Amino acid sequence: MIYLDNAATSWPKAPGVAEAIAASVLEPIGNVGRSSHAAALAANGILYKCRSLVMHFIPPTSIEKVVFTRNATEALNLALFGSLQSGATVLTTPMEHNAVGRPIHQLALRDVRIEVCPCDDFGRIDAEIFRAELRRTRPSLAVFTAASNVTGAINPVETMVADCVSQGVPYVVDAAQSIGELPRWQFPDIGDGAVCFSLHKSLLGPAGVGVIALYGKFRPRPLYYGGTGSLSDSIFQPEFLPDCYESGTPAIHAIAGCASALEYCHTHESEIQNQRKLMGGLLQAGLLRFPELRMLSPDADRLPVISVTTRSRSISALTNALYTAGIAVRTGFHCAPLAHQRLGSTQAGGAVRFSPGFATTESEINQILAIVEGALRG
Ligand SMILES: Cc1ncc(COP(=O)(O)O)c(C=O)c1O
């Protein structure tokens, strides 16, 4: 198999991940915050280590504001359901993943008004237009993806956050695709908001762990209440962080794997990013040679996420050829139906998305391009 579906989840995982998970199972690891015996303290240590490593990849915040969730979807649900109430207005973009789109459409049923900032034909938000939309709509919250999971287009996150902050609007950044792919953002005025992501994509960790990093005074209501280990004698949820949001036993073994992945990503950051960038560029240049395909991804300011759709027929023949040849790509709507509507790719059945990883080689890209050529010419 040639694996080019790293935007869905990374493979291979970072070297050392399997060993770290195995060690966390083979050694006595207790539950977090539940006791002070050595095994429970070892579990606390795993969470602490992973939390501190996450801080290398996000704008500075304090460690207790790095809250673990199951994935980016849960982090985004917490941010949105926990902060938007009837009568509120949310400003968003046409390019959101269902992890944002579905919660806000549920909230719309509870009288939350959705305003959509327009984007260009590649799904990019223009910072000037976003600023004007903030002024026009005066939202209670702005939620936007840092980079599209369909076209890879990167948004001007630092400017967008700065505008939210200057207009006193809390922000929620969906960094699921971009975390680990871009230099760490600097938010000069931090304001109130959150950055949400998973650790299993570009950060090369195992599935099962997400993060909501909180900034300023942004404190959504918890989604879950229950055992935290702390304040065990109280019937009320602790109000302090991160316990307030971390109810129930965390995915300790996955978090052990994630800590190892983050260590690897931190020490090999530019090497990993350069390889992905290079492979993304080769793939895009190769796909642009086929006039039957419409390139959805911009050639600059994008992640190594390259999507094409077909001009005159459905993508199904191309999809079948790739799957038959053992190429793992993501086809269809990428959990972003409104993005495909905006891009005009709904009719063709969506798009074929190629997302190389740090282990992708030039020879694999050439094999894929040959299969695409065969499918289009055959
Ligand atoms: C932009 C974006 N947001 C959110 C998500 C949800 O991530 P997860 O499935 O890890 O919750 C994804 C996953 O593909 C994504 O691409």
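## Contacts and overall form

Among contacts in the protein between residues at least 6 apart in sequence, 73% join residues at least 24 apart, a contact being two residues whose C-beta atoms, placed from the backbone, lie within 7 Å. This is a predicted model, in which local features need pLDDT of at least 70 and side-chain atom pairs count only at pLDDT 80 or more, while totals for chains, interfaces and linings use all residues. Residues are numbered from 1 along each chain as its sequence is written.

The protein has eleven helices and 13 strands, these being DSSP runs numbered from the N terminus (helices H or I, at least four residues; strands E, at least two). Its radius of gyration, taken over C-alpha atoms, is 21 Å, close to the 21 Å that the globule rule gives for 378 residues, so the protein is as compact as a globular protein of that length; the rule is 2.2 Å times the number of residues to the power 0.38.

## The seven-stranded sheet

Seven strands form an open sheet with mixed pairing, in the order E2-E8-E7-E6-E5-E3-E4, where strands pair if DSSP finds at least two bridges between them. Strand E2 (66-69) and strand E4 (113-116) are the edge strands, each pairing on one side only.

Within this sheet, strand E7 (residues 193-198) and strand E8 (residues 210-215) run antiparallel and are joined by six bridges, and Cys196 has Ile212 in E8 as its bridge partner.

## A helix across the strands

Helix H5 (residues 127-137) lies across strand E3 (89-92), E4 and strand E5 (141-145), and runs at about 170 degrees to E3; axes are lines fitted to C-alpha atoms, for helices over the stretch in contact, with angles from 0 to 180 degrees between N-to-C directions.
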